[in-house]
Amino acid sequence: MSVAEVSPLSPAPGSRVRAVRDQFHGDLLEISMGPHHPSTHGVFRMVVTLDGEIVVKLKPVFGYLHRNHEKIGENTTYLASMPYTDRLDYLCSMTNNWAYALAVEKLSGQTVPERAEYLRIILAELTRLLNHTCLAGFLLQDGGCSGTPLMYAFREREKILDLFEALSGSRMMCNYQRFGGCRVDAPPGWLEAARALADNYGRFLDEYEELLTGNEILMARTQGIGRLPARLAVSAGVTGPMLRAAGVAYDIRKVDGYGLYPRFGFRVPLGDHGDTYDRYMVRVLEMRESIKILQQALRDIPAGPVMDPKARLRGFRAKPGEAYGRIEGPKGEIGFYLISEGGPNPYRYRVRPPSFINLTVLEDLCLGHTVADTIVILGSIDIVLGEVDR
Amino acid sequence: METPEQIRDRLLARIPGAAVSVVVNPGPAAQHSLLLGAAHAREIAEFLRDDPGLQLDFCSNVSGVDWLDREIVETIKTPTPGPGAGPATFAEQKIRRPHPGYLEAVYHLYSMALKHGPVVLRLRTADRRDQVTLPSLTPVWRSCEFQEREVFDLFGIVFAGHPDLRRILMWDEFRDHPMRKDYAEPDDYEWEPTPHGDVLAKAKRHYPAAEPAASVKGEAKP
Amino acid sequence: MLGSGLLQGLAVTAKNFVGSFHDPARFVTTQYPEERTALPEAYRNFPFLVSESADDPIGTLRCVACQICEKECPPQCIYIEKSKDKKPDANGKMQIYPAVFDIDIAVCMSCQICVEVCPFDAIEMDQVFEIAATDRFTGLILDRGALAKPNRYFHKIHPQQAADVDERLAAERVAIGKKAQAAAKAAVPAPPPAEPGSQPRKAAPPAA
């Protein structure tokens, strides 16, 4: 099979730092940022060609965490693939589980009881809260804040993780959704604890914004940096807060109306400039909308079963066919494409990873900016290598 | 949104001679797809993106699928009337038709402008061995850039017209295409004793001198 | 004023810093291992096998070596070998038992699917995480002896779940008893009509 022809600027395998002489610009420096790097959100490598401090060319290189999750999915039953989906975007296991369960339910035509749908929405919004809180913390950490906003974010995240632990048994690898509902019902006292958390989260966000949003250094480092035009965002398949910061109003919770989202009143924040500061602000505003959804869901959750009574745990088989199911995960559109031939394992199991596709525009965003800005831009794209590489 | 049949009819009217057919998806999801021939695929993709009624500007997902060579067996029962007024006997005839395998690229398209979807496109290669080229749709939707690279890397479909076709998840010197159904994984990976007898047996063949630790369930191993 | 955002931020960090000395909401460090956080009941980490009696954990395992957990385990970390003989279980029925039951906890991801699919409530989730070993090949394979723990222990770590399981098993036992009673009644032939006073009344056949 063909390999792209080697241009004078493309990295030779094995090179770490070399100076490349180009006939127009003088010396260009090519460095490899990563894969061992504290700020690249995982084992991620960027081969950056610099003219002084300005980025002239940037090629992302990943695959260091590739575990061939899709092949494992072909050799595993539908149920046994559920714990593997926890490990895709390992910060947001509840939404990964829901996307997979939704795809399988579309494939097999199962229905989900109302209480389970409410629980799924509550957990998805809690996941959105913890993901965006983490992102704000990590973005500031990458920007050089050496940990203080990150630790405040993690302190609040621990409260949400405690809720997940009390419900599903595990903080991060929850393995909680099943085809036709949720695995177990909430233990006594859980809903009250969740209500208390949702009511207090607004105060934490106020304090966090007091720390960050008006901070002059943050504004200087993120405003005008990494501007993403809306046309490029749509063409490049960017989804999630990154797309909405560019001004495109596309939120799968509103467009597809999956689960019971049409019952809840919430707004979708949009950005005006598409730069890094907008991506940060859109996430903060989304957190406030998530709190609203949480309060509504926790107020209205009905009693009832959490699992479809006709659903079988073992020996689940879907009729031959295929289905693509997607949800609005905290990072973007996470979807699963499943082809079934009627057997216990799927014939084809494909994950549509939002972080992977959002990285398409990394080079476009970083060109013309300095090296320090690439770190901040990468931080605002919000990638998790478990999802990028699968 | 239009049904796949309506889209097919409009495409055939606009681009006569294009190979467009509807692939019915059995099962409850009912997401039927359009099978496109390689010759006019890019033109059709541009039409789907720019047509004011469809405006499918968002290519959400590009998947590769590997279909192995199969044999389709059709059983034809011909009745022959029995003696007198007796019951008819059936003579069975099995027709075996080889169905050659191919690689497939499946595109899921949505519209951000009109908020509808999905429209599913399928492109199939001629076979799995040497005619594995398909037209790249990256010039139409930029989101195909990394995803088509991944399909090339893991399945081996060569996308003609892709700006930068090289491996993305596996390292550059890797030789095979891992997601193919007939991929044989190497068995000389680093081994360690596990309760699984066949892993141990496989690994022992490569390291005959080093015996596994004696206390690993010596009693009952096959 | 330029820098007011920075000063505001510094005020927030000062509030958190000072608060961490007296406000429990801001001071969130647990001095492990002297202090331990209370784990919720649902917390799960590695499975264990339930035995009925604490005196003979291996002999009174609920497990009947049906191998369903072995098949359903996603990373295939369970290895079971059936016994050649049979032993009576808690209901008195002769069942085979696992001669070998190994779980490789270097591979196990505590997903809990083995617990969900077990029809006999024989395997449940433990809560141990302080089981570091010095030898990663043999020290991290838990065999039957290390996995067998009594039902008393199950009640200690998962009180509500253990109570539910016990209730279900007791109901099953009652149902089995009723079925056996009905079967025994059908098997015994009806006694011949006796002259009054000639024979003492027979007692009802004993319940199985």
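Reader: What pattern does chain B follow, read along the sequence?

Author: The model is a predicted one. In it, chain B runs α-β-β-α-β-β-β-β-β-β-α-β-α. That reading comes from four helices and nine strands.

Reader: How many residues of chain B count as buried, as a percentage?

Author: The share is 35% of the 222 residues of chain B. The cut-off for buried is 20 or more other C-beta atoms within 10 Å.

Reader: What share of the contacts in chain B join residues at least 24 apart?

Author: The figure is 54%, taken among contacts between residues at least 6 apart in sequence.

Reader: What makes Asp55(C) count as exposed?

Author: Asp55(C) has 9 C-beta neighbours inside 10 Å. Exposed means 12 or fewer. Asp55(C) therefore counts as exposed.

Reader: Where does Asp55(C) lie?

Author: Asp55(C) sits in the loop between β1 (47-51) and α2 (68-72) of chain C. Its C-alpha atom is 8.5 Å from that of Pro150(C), and 95 residues separate the two along the chain.

Reader: Why are β4(C) and β6(C) called edge strands?

Author: The sheet is open, and its three strands stand in the order β4-β1-β6 in chain C. β4 (123-125) and β6 (148-150) of chain C each pair on one side only. The twist from one strand to the next averages 50 degrees.

Reader: What makes β1(C) and β6(C) a pair?

Author: Three bridges join β1(C) and β6(C), in the parallel sense. Pairing needs at least two bridges, so β1(C) and β6(C) qualify. In this pairing, Val50(C) stands opposite Lys149(C) of β6(C). The sheet as a whole has mixed pairing.

Reader: Which residues of α5(A) are buried, and what covers them?

Author: Among them are Leu150(A), Tyr152(A), Ile160(A), Leu163(A), Phe164(A) and Leu167(A). Glu156(A) and Lys159(A) are buried too. The cover includes α4 (114-145) and α6 (190-212) of chain A, together with α1 (4-19) of chain C.

Reader: Which residues touch the most other members of the largest nonpolar core?

Author: They are Ala103(A), Val104(A), Ile122(A), Leu338(A), Leu109(B) and Leu49(C), in a core of 187 residues. α4(A) gives the largest share of this core, 16 residues. Leu109(B) touches residues including Leu48(B), Phe58(B), Val119(B) and Leu121(B).

Reader: How many residues of chain B are in contact with chain A?

Author: 35 residues of chain B are in contact with 39 residues of chain A. Elements giving two or more residues to that side of chain B are β3 (58-67) and α3 (144-155) of chain B. The largest share, six residues, comes from β3(B). By class, the side has 18 nonpolar, ten polar and seven charged residues.

Reader: Which element gives the largest share of the side of chain C that touches chain A?

Author: On this side, 25 residues of chain C are in contact with 27 residues of chain A. α1(C) gives the largest share, seven residues. The classes are 13 nonpolar, eight polar and four charged.

Note on methods: Residues numbered from 1 in each chain as written. Chains lettered and ligands numbered in written order. Predicted model: local features only at pLDDT ≥ 70, side-chain atom pairs only at ≥ 80, totals over all residues. Contact = placed C-beta atoms within 7 Å. Nonpolar A, V, L, I, M, F, W, Y, C, P; charged D, E, K, R; others polar. Axes fitted to C-alpha atoms, helices over the stretch in contact; angles between N-to-C directions. Core = buried A, V, L, I, M, F, W, Y, C linked by C-beta atoms within 7 Å. Lists of a residue's contacts leave out its neighbours within four places in sequence.
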